[in-house]
Structure formats: C-alpha cells, structure tokens
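Have a look at the structure, then try each task before reading its solution.

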Amino acid sequence: MFYNLDSFDTELSADSVEWCPSDSHKNIFVCGTYQLIKDNELKVDIAKTKRFGRIYMFKVDGEGHLTLLQKLEVPAVLDMKWAHTWRNRILLGVVNSLGYLQIYQMTTNKEKENLELLMEKKVADDEEVLALSLDWCSGRWSHDNESNLSIVVSDSKGSLTLFEINENELICINSWHAHEFEAWITAFDYWDTNVIYSGGDDSKFRRFDIRIGTNPTAISKVHEAGVTSLHSNATREHLLASGSYDESLRLWDTRNWKTPVSRTDLGGGVWRLKWDPFARKYLLAACMLGGFRIVDCENTEAPHVIGEYNEHKSLAYGCDWSFLNSAEVPKRALNKETCDVCLIGTCSFYDHLLKLSAVYLKDN
C-alpha cells in the first residue's frame, strides 16, 4: 500500500506535517520540529530549559522528490495548520513553546515561495504556558471566502483561547479554562463553527458552544487516558473522530455523547488523526509507538485498518494527506495501475525523520 518516494533528516525532533490546501500550491507542505535542551541534565530548572525548533517548507517535484524551499529558526513547534484560501491569502497558523499563536503568509517572489510572519499573539500572560494545538474555522471552505477567520488554540494549563483575524491583527475573542491538565487538542465543528471541541490529559472530551458562554455543553469520560486528537469530518455532518493515549480511535455522532459509534484499537497512542481530503472516508493516524495507520471509516460502526506504515523507528507524531489527486501526483508514484493513489507526509520524533510516500488506497 505504501511506496516510499523520498526522505529528509530534519536534524531536530519532528512532530508536525501539514500540506497546503491552496489549489495553486498543492505540492507544498511544511514540517515542524521541537527540540528540548537542558542546561543541567541532572537537575532541571524550568527557567533553564530551552525549547527551540524549525519550520521547513518543501515542494514536491514532478518525480516525487523533495525540494527544500525554506528553513525558519523558531521556538519549538507544537502544531501547525493551513487555512483554506482567505481573501487571496494563503495563511499558516503555528503554535509554539513560548505560548504564541503565529500567523505566517505564503508569498511568491521570483517564482519562489516564502513564509513571512504576519502577526502573532500570546495565548496567556503566564510565561510557562505552551500553546499545544490549533484549528481554523475554515475546514469546509472549498474556495476563497470573505467571512471572518476564527482560530481556536489549546494550551498546557488546560485553557482554550478563541481568536479572530481582522486584516493584519489577531484579536482575542475569549479565553476559558477547559481541562484540569494539558488541553492536548482542540477543534471546530466544521458544520457549526460556534461549536468547539477539546480533549485533555484529564481524559475528558468536551464540547462548548460560544453563543451561550464558556461552560461545556457536553462532557464525555469514556476515554481511558488523555484525549490527544480530534478532527471533524467536512463531508459527513455530525461525524467526529477522537484519538487517545489509550490507543483507540473513536468515531462519534455528535448528537449522542453517551457512547461513541465505534471504537477501534490502533496499537499505539493516537497522537494525530486526519480525514482524507477527497472522499473523507479514510483516516490517517499517527500512533506514536505503533507507527502510522490508515483506517477505512466508510462504515462508521465497523472501521477497519487497511494499511500500516512502520518505516519510522521512533515516535510517530506528524502526518497529513496531500491535496493532489490521482491525476496530479508525481509520475514516479504511479508505478502500477491503480484506481486511487495519493501522497502522504509522515514524521517521527527522536530519529528526526520526514518521509514522503505514495499510498495506494484501492488497486485494480
């Protein structure tokens, strides 16, 4: 099912891969890294602990090889996500170890793409807060949209912060405490972006409706460990995926919070879940010690693993699908007749490895 095309040594521990959804830049993706340096390995003082990272931006050529476009030295990256095209801008959101939400804009100069920092804002006054995850409200947008862009960010103190972009300024709309420990993940309901979900190290999965305040409108306690990944399905209303340190994928009908529609063991802590950008019936999962998995969720009551990728020798943290369709993927990826082929990027932590692969979802 997997065919390796290229790899790259990120030097620093890699934890995030995100493909650009813009129609004109579907062959571009970014990879984020997180490195922890301790001044005194025997006794760690948090004030003497330094976290730093890099953002790499790559282009995939017609033969399926990686070209490094840009390398940015930044604070350690915890999460990144692209917004769908907005007012002719291509924007990348990044959250980091200094507690900032940063918005980069992709520009093209002399036919070369670059990321430029457009705006940034700290999520909290506390210097020890790490910004852990983010999501844009634009998950269902398929074209340029004039609506305001909202971003939600979760942090290491268990809080959520909602921002809105107004031209070149980030405006904080609200911030509230959501979890007793780290809020590992937050996500919009793409069908109703007044609804925000969050998951925390307290093993709780919560729903909030910003129209009626900051108290949760629903709480689930079925996860047996920290909730680490959430992703709303942009094609099937009421379908939401959650992942946990308890090594299980759960699919939810968001109208019923008592029990998930299904639970599937993936053999590793589920750090990231990504719906495919086409049929949105496949989930790509980064399963930490369990490698990467592809899960067929067309039947939400009985999802099943259809592919495993175990070429990484360290924690499987970052993964994403390319928006290039079968007709647009590099020719070298079409090494056999196939009905459905796409590209994915994967990265792992301690071996600081990024890989580009072709995935054959359905062979003739």
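**Exercise 1: A salt bridge between R255 and D253**

R255 is exposed, at 61% relative accessible area (exposed means over 50%, buried under 20%, partly exposed in between, with a 1.4 Å probe and protein chains only). Before going on, note that this is a predicted model, where local features need pLDDT of at least 70 and side-chain atom pairs count only at pLDDT 80 or more, while totals for chains, interfaces and linings use all residues. Residues are numbered from 1 along each chain as its sequence is written, and side-chain values use heavy atoms, leaving out hydrogens and water.

Solution: 
- Step 1. D253 is partly exposed, with 22% relative accessible area.
- Step 2. The two side chains, R255 and D253, form a salt bridge, 2.8 Å from N to O. The term means a side-chain nitrogen of Lys or Arg within 4 Å of a carboxyl oxygen of Asp or Glu.
- Step 3. Shared partners also link E11, R54 and E73 into one network of salt bridges.

**Exercise 2: A second pair**

Task: Are R250 and D246 buried or exposed?

Solution: 
- Step 1. R250 has 1% relative accessibility, so R250 counts as buried.
- Step 2. D246 has 13%, so D246 counts as buried.
- Step 3. Their side chains meet in a salt bridge of 3.0 Å, N to O.

**Exercise 3: The count**

Task: How many salt bridges does a search of the whole structure find?

Solution: The search finds 17 salt bridges.
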